Amino acid sequence: MGRRWAVAVTAALVLGILPGLGVAGGDTTPAALAAEDPVVAAAGDIACAPPARRTASSCHHRDTSDLLVAGGYDAVLPLGDVQYECGQASAYRSVYDPTWGRVKAVTRPAVGDNEYTDGNGCTTPGASGYFGYFGAAATPRQPSCRSACAGYYSYDLGTWHVVVLNTECSKPGVGGCTRTSPQGRWLAADLAAYPNRCTLAYWHRPRWQDNGRTNSASSYFVEALYEAGAEVVLTGHEHLYERFAPQTPSGVANPNGIRQFIVGTGGKSRHGLSRTPPRNAEARTASAYGVLTLTLHPDSYDWRFVSEAGRTFTDSGSHPATDPVVGDLEPGVGAAVVVGGALVADMQLDPAVAAVRQQQDPAPAVTQGVLDQWVHTSGATGPLSATV
């Protein structure tokens with residue numbers, strides 16, 4: 001949990017003394033869900049196009065929705081492509097609503113490509129079927145928008161901060177997915193406003209794909225979330241289930257990295273697995289429909305894949321939340337430590353810091369323990385900031 005800082009911070013903030021700040025820029029967010037250790041259920045790629053006749057291998061959206069109704073979850077997170085083929089309002093009414101719509105009151109959706117697509121003989125400009133059906137729940141920052149909405153937002157869930165992003169970067173109303181795009185700038189401000197919260201993010205297109213490639217749509221999202229110390233990313237798009245080890249944005253396994261789940265198992269259809277598992281994949285299947293449940297504790301999370309009735313595949317485990325850190329330092333990069341406006345230490349010169357750096361290559365993150373060393377060696381008191 002917490003942040004990997006690349007800007008000035010105060011010791012009080014690192015210690016979690018200061019309260020969380022409001023969302024920057026006047027954006028409105030949904031009210032926080034109050035469960036102490038909330039349990040959520042997620043999946044994407046859900047409801048077949050009408051008439052949506054169930055077969056042995058497709059259109060199992062009612063089966064997965066039965067899991068949601070029976071589970072009594074605090075929130076349900078559809079991970080995009082929630083209604084095929086391109087999310088017309090009539091399809092939502094006839095297929096999605098009688099199934100997954102039974103838990104609409106606790107649904108916080110993410111938008112996918114099939115909400116917009118015009119490649120299947122139909123088109124829904126601006127994802128109007130999706131935004132029209134979910135209303136303000138899908139676009140709380142623009143609560144009256146019903147077409148060509150931004151489709152990204154955030155909310156609090158228990159002690160966690162949850163970020164919902166839109167990987168259909170070029171679609172009307174989105175404005176892109178890069179660092180300098182409206183969505184990228186909003187994400188940076190939103191993460192900065194919640195520095196001490198465990199963070200869950202979700203969107204449609206996976207950063208790390210089952211074929212071993214990466215999708216560029218979410219490259220900045222992953223970088224920003226990693227720098228903020230986020231724990232988990234949920235995605236869909238590929239019609240399978242896959243759990244990755246925590247990793248850095250460049251795909252290096254790291255216990256303090258981000259763990260991505262692909263949960264494209266909502267019921268539409270199944271994709272085959274690649275012959276060779278991708279790097280850092282820990283569990284995967286293309287044989288089961290179901291939902292991923294997450295229990296969000298203040299300092300950890302538990303996951304469990306729940307298969308539809310009659311199927312036995314499962315995957316479960318727990319992981320501690322990412323420790324708060326203040327800047328991942330690269331060798332040779334300087335950092336000044338300032339107490340009460342006076343320079344008291346330099347990353348490249350201070351003996352206490354140098355001793356810590358020699359313990360590990362690459363250099364360790366600047367943790368609260370290192371800040372404490374800086375304070376001790378300087379003999380200073382008062383607000384402490386580290387500029388990396």
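**The disulfides, one by one**

Analyst: Let's begin with the link of Cys 145 and Cys 149, which is left-handed, with -100° about its S-S bond. In this predicted model, the sulfur atoms of that pair sit 2.1 Å apart. Cys 145 and Cys 149 are both buried. As a reminder, a disulfide is a covalent bond between the sulfur atoms of two cysteines.

How many disulfides does a search of the whole structure find? The search finds 3, so let's visit the others, keeping in mind that a pair counts when its sulfur atoms are within 2.5 Å.

Next come Cys 48 and Cys 59, whose sulfur atoms are 2.1 Å apart. The torsion about their S-S bond is about -105°, which makes this disulfide left-handed. Where do these two cysteines lie? Both Cys 48 and Cys 59 lie in the loop between strand S1 (39-43) and helix H2 (61-71), so the pair ties together parts that are 11 residues apart in sequence. Are they buried or exposed? Buried means under 20% relative accessible area. Cys 48 has 4% relative accessibility, so it counts as buried, and Cys 59 counts as buried because its value is 10%.

Finally, look at Cys 169 and Cys 177, which form a disulfide with a sulfur-to-sulfur distance of 2.1 Å. With -100° about the S-S bond, this link is left-handed. Cys 177 is at 6% relative accessibility and therefore counts as buried.

Terms used: Residues are numbered from 1 along each chain as its sequence is written. This is a predicted model: local features need pLDDT of at least 70, side-chain atom pairs count only at pLDDT 80 or more; totals for chains, interfaces and linings use all residues. Side-chain values use heavy atoms; hydrogens and water are left out. Helices (H or I, at least four residues) and strands (E, at least two) are DSSP runs, numbered from the N terminus. Buried means under 20% relative accessible area, exposed over 50%, partly exposed in between (1.4 Å probe, protein chains only).
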